[in-house]
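Subject: Structure for your review

Dear colleague,

My findings follow it, and I would be grateful if you read them with the model open.

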Number of protein chains: 2
Amino acid sequence: MNASTPADHLVPQATPRAVPQALLDALQARFGVQFSTALAVREQHGRDESAFTVAPPDAVVFAESTEDVTDVVKLAAQFKVPVIPFGVGSSLEGHLLAVQGGISLDVSRMNRVLQIHAEDLTVTVQPGVTRKQLNEAVKSTGLFFPIDPGADASLGGMCATRASGTNAVRYGTMRENVLALEVVTASGEIIRTGTRAKKSSAGYDLTRLMVGSEGTLGVITEITLKLYPLPEAVMAASCSFSSLADAVNTTIQIIQLGVPIARCELLDGNTVGMVNRHSKLSLPETPLLLMEFHGSPASVKEQVQTVQSIASEHDGKSFEWALTPEDRTRLWTARHNAYFAGVQSRPGCRAISTDTCVPISQLANALLDCVEEANVAGIPYFLVGHVGDGNFHMGYLIDPESPQERVVAEELNTKLVQRALALGGTCSGEHGVGLHKMDFLLSEAGTGAVDMMRAIKQALDPHNLLNPGKIFRQ
Amino acid sequence: MNASTPADHLVPQATPRAVPQALLDALQARFGVQFSTALAVREQHGRDESAFTVAPPDAVVFAESTEDVTDVVKLAAQFKVPVIPFGVGSSLEGHLLAVQGGISLDVSRMNRVLQIHAEDLTVTVQPGVTRKQLNEAVKSTGLFFPIDPGADASLGGMCATRASGTNAVRYGTMRENVLALEVVTASGEIIRTGTRAKKSSAGYDLTRLMVGSEGTLGVITEITLKLYPLPEAVMAASCSFSSLADAVNTTIQIIQLGVPIARCELLDGNTVGMVNRHSKLSLPETPLLLMEFHGSPASVKEQVQTVQSIASEHDGKSFEWALTPEDRTRLWTARHNAYFAGVQSRPGCRAISTDTCVPISQLANALLDCVEEANVAGIPYFLVGHVGDGNFHMGYLIDPESPQERVVAEELNTKLVQRALALGGTCSGEHGVGLHKMDFLLSEAGTGAVDMMRAIKQALDPHNLLNPGKIFRQ
């Protein structure tokens with residue numbers, strides 16, 4: 001493989017730093033059975049759902065408290081060894097790979113829901129709580145947490161990557177839904193970045209700085225989130241279209257008219273087929289919008305009428321309703337499993353996922369040519385999109401043993417990102433930068449802005465210990 | 001006045017740095033009539049709407065372009081002289097005072113609306129555009145910009161203080177509504193912090209870092225904002241209550257039930273009297289909620305029914321409707337002028353404004369005792385609140401010549417802030433920290449978090465040139 005090909009990204013440029021035995025001994029002494037250097041454990045912590053080859057850490061600590069976290073960070077800092085926070089491992093851009101070696105700090109056992117303030121629509125959790133666990137915990141209050149990236153991700157990880165997913169079109173992303181964090185800094189100090197107040201102008205927005213910082217500026221140890229009243233009425237439907245353009249243009253018009261749709265998801269016909277086979281469904285294998293409407297009964301009725309009328313102007317077939325909660329769950333589970341349905345459609349493959357997001361009017365321009373290019377290139381792919389936000393994912397399903405396929409997939413990805421940037425969009429709607437998009441970030445933000453990020457990193461983590469080698473080159 | 005009294009805050013600790021004649025000559029040569037050292041101009045730029053005594057800059061430059069801004073910043077940097085960005089001067093916490101001397105960089109002439117993308121619900125403006133000017137400019141598109149701090153503030157200033165105001169309960173604050181910024185850094189470099197995409201996970205959230213940074217991290221030269229479709233139906237009403245507690249408890253219940261109310265504003269009876277006299281109205285001089293409802297006709301009807309039923313449970317009188325757009329404008333103009341109505345109620349006074357924001361369930365606990373304390377202290381005050389957000393302002397109307405009144409007012413303010421912090425709230429909902437709340441910020445965020453802010457400031461502005469001496473002591 002030529003040194004200058006984009007596919008180089010998929011072999012992490014690992015330059016591990018020495019991890020002194022004295023540190024491993026100190027961690028072993030402090031953490032006992034919470035500490036492991038077993039290869040299987042290390043390998044499980046040196047990968048994520050991306051197509052990158054594994055880069056295991058030197059050791060793993062299973063933290064059970066904020067104090068555990070501060071002790072790991074302080075010991076690692078003493079020996080100038082990297083620390084990589086780890087939730088459930090569902091990130092997609094190589095965030096968790098220990099490219100410079102170091103200690104994987106697994107927070108999945110920090111999984112307590114600490115305070116439910118139903119009267120304020122807030123909740124405080126530890127970072128290892130997953131989104132499904134949270135929704136179970138608050139169910140009896142009549143409230144819910146809407147952010148839903150598909151995977152049952154940890155809320156710490158969702159903060160770290162600024163996750164969003166299917167409900168973001170109505171409820172926003174982690175950016176809008178985190179009120180405050182407790183964070184352990186690079187020197188092992190514990191800080192709080194905000195309060196439970198709904199808004200604040202009290203100094204720099206450290207909460208938003210930490211959200212999306214991918215573990216590079218601090219280790220998140222507590223999270224205060226907004227909750228929402230469960231909608232009085234929920235209706236979900238699918239609608240098939242003759243062409244992708246029709247489905248996309250329907251979406252554009254729904255958003256431009258300000259319909260407060262709760263979910264608006266696109267699958268192309270090819271992906272519907274994968275989902276059908278994986279989830280034993282029989283959806284028509286043509287472009288499909290999956291939609292959900294939340295609100296009062298009257299408001300939901302209004303939304304549905306507006307959207308039906310828009311869809312019919314774009315040759316949409318009649319709505320297929322998911323009438324019961326069970327039907328709805330089946331529909332959304334199938335959607336959430338699209339990634340796995342895609343990967344299973346080609347045994348042994350890995351997915352290289354794209355993640356551009358564009359202003360809504362540019363969605364057709366951003367999406368349709370990418371599909372055409374993928375078809376011409378002949379690489380199998382899936383296509384799903386949180387299209388109400390202008391965000392979609394092509395998942396190129398490559399044979400990991402074929403350098404040629406990696407090259408082709410990354411060339412497609414590069415073209416797709418360049419197009420999105422030219423249309424006023426971003427290279428990453430929700431997955432983050434990780435290892436995979438460092439060059440894309442530079443194209444998007446420019447040297448000056450990336451240098452500003454680097455200066456912040458340098459100021460908060462002068463020895464480059466927290467998840468080093470991610471977001472930008474240091 | 002004793003050195004340790006809180007009222008010391010109101011005499012800025014001015015320690016001007018030397019401004020070399022060579023810099024003034026260079027600015028004069030570069031900017032000609034855009035440059036002024038006239039005392040009247042400098043004094044006008046060394047104050048805001050706060051009770052602080054004026055601290056004029058050494059000179060004022062009226063920038064007309066981003067290039068003008070970079071040239072001012074670069075020249076000032078060369079001579080290590082402070083630069084203080086200035087919009088329309090409506091901030092409330094001493095943000096604009098040149099406490100270390102320097103150059104006031106007035107961007108009010110950078111007042112062009114650059115790009116209206118109605119099809120994407122976004123707009124890009126220069127920082128001197130005011131919110132009313134923006135809404136005039138986009139009126140024909142059927143869209144509007146909701147953030148409304150009362151004053152016809154510049155959008156650059158609103159970004160800098162993370163402003164919100166009456167519509168924030170439904171539409172969020174500047175934090176949620178700024179998509180991207182162009183910023184001139186401390187070294188005079190131009191960066192862009194984001195794109196027009198609705199969401200992004202591409203690196204650190206520099207947009208949110210700049211929003212609320214009060215001119216201390218960069219000079220904002222372009223702003224891309226979200227717009228919203230004008231609601232199909234709008235209804236506004238006032239409702240009088242027998243007691244403040246009833247009005248506050250009505251608000252709490254409205255929010256807890258998830259009613260998407262667009263405005264929910266409180267005035268106490270005393271303030272209604274001031275507003276009546278200032279705006280020639282005849283509202284009943286008892287605690288009053290001013291409310292506005294946006295949505296489809298059916299949704300507005302539902303909201304109104306719910307709120308009426310809640311209000312009547314709390315002894316609310318019947319709704320007085322503002323039926324025409326003109327009536328609504330009159331009502332909200334009166335509300336917006338409450339600050340001036342308050343100040344005019346005591347000729348020659350200055351207002352010391354509080355700005356706490358608490359979780360909604362704590363609003364009564366936060367507010368009622370403060371009113372009681374102010375009544376006992378005998379200082380005249382006004383009370384207005386964006387109570388739907390848990391945010392309210394006491395405006396203590398002090399005689400600027402009376403050190404004793406300043407002391408009493410600041411003691412009341414301190415108690416009020418301590419109470420809000422104890423209840424899980426913030427010292428500043430929307431006005432920012434400026435000079436006035438540096439100690440409150442420290443109490444709220446703690447040394448560690450403020451040190452992190454300081455480290456960021458040091459990294460991005462190593463010579464402390466951008467609006468120095470604000471937010472925290474350097």
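In this predicted model, the C-alpha centres of domain 2 and domain 3 of chain A are 28 Å apart. The contact between them draws on 5 residues from domain 2 of chain A and 9 residues from domain 3 of chain A. On the domain 2 side, the residues touching domain 3 of chain A comprise 1 nonpolar, 3 polar and 1 charged. As for the bounds, the assignment for chain A places domain 1 at 14-106, domain 2 at 113-229 and domain 3 at 231-344.

Within the range of domain 1, I examined helix α1 of chain A, which spans residues 21-31. Its buried residues are Leu23(A), Leu27(A) and Phe31(A). Viewed down the axis of α1(A), these buried residues fall within an arc of 45°, so they line one face of the helix.

I turn next to the interface between the chains. Here 73 residues of chain A are in contact with 73 residues of chain B. On the chain A side, the elements that give two or more residues are α7 (174-177), β9 (190-192), α8 (206-210), β11 (228-229), α11 (297-313) and α16 (438-460). Of these, α16(A) gives the most, with 13 residues. By class, the side of chain A that touches chain B has 27 nonpolar, 30 polar and 16 charged residues.

How are the two copies related? Chain A is superposed on chain B by a rotation of 180° with 0.0 Å of shift along its axis, at an RMSD of 0.0 Å. The two copies are therefore related as by a two-fold rotation axis. The same surface serves both copies, since 100% of the contact residues of chain A recur in chain B.

With kind regards

Notes
Residues are numbered from 1 along each chain as its sequence is written. Chains are lettered from A and ligands numbered from 1 in the order in which they are written. This is a predicted model: local features need pLDDT of at least 70, side-chain atom pairs count only at pLDDT 80 or more; totals for chains, interfaces and linings use all residues. Domain bounds come from an automatic or database domain assignment. Two residues are in contact if their C-beta atoms, placed from the backbone, lie within 7 Å. Ala, Val, Leu, Ile, Met, Phe, Trp, Tyr, Cys and Pro count as nonpolar, Asp, Glu, Lys and Arg as charged, and the others, Gly among them, as polar. A residue is buried if 20 or more other C-beta atoms lie within 10 Å of its own, exposed if 12 or fewer, and partly exposed in between; C-beta atoms are placed from the backbone. Helices (H or I, at least four residues) and strands (E, at least two) are DSSP runs, numbered from the N terminus. The arc is that of the directions from the helix axis to the C-beta atoms. Copies are superposed by least squares on the C-alpha atoms of residues with pLDDT of at least 70 in both.
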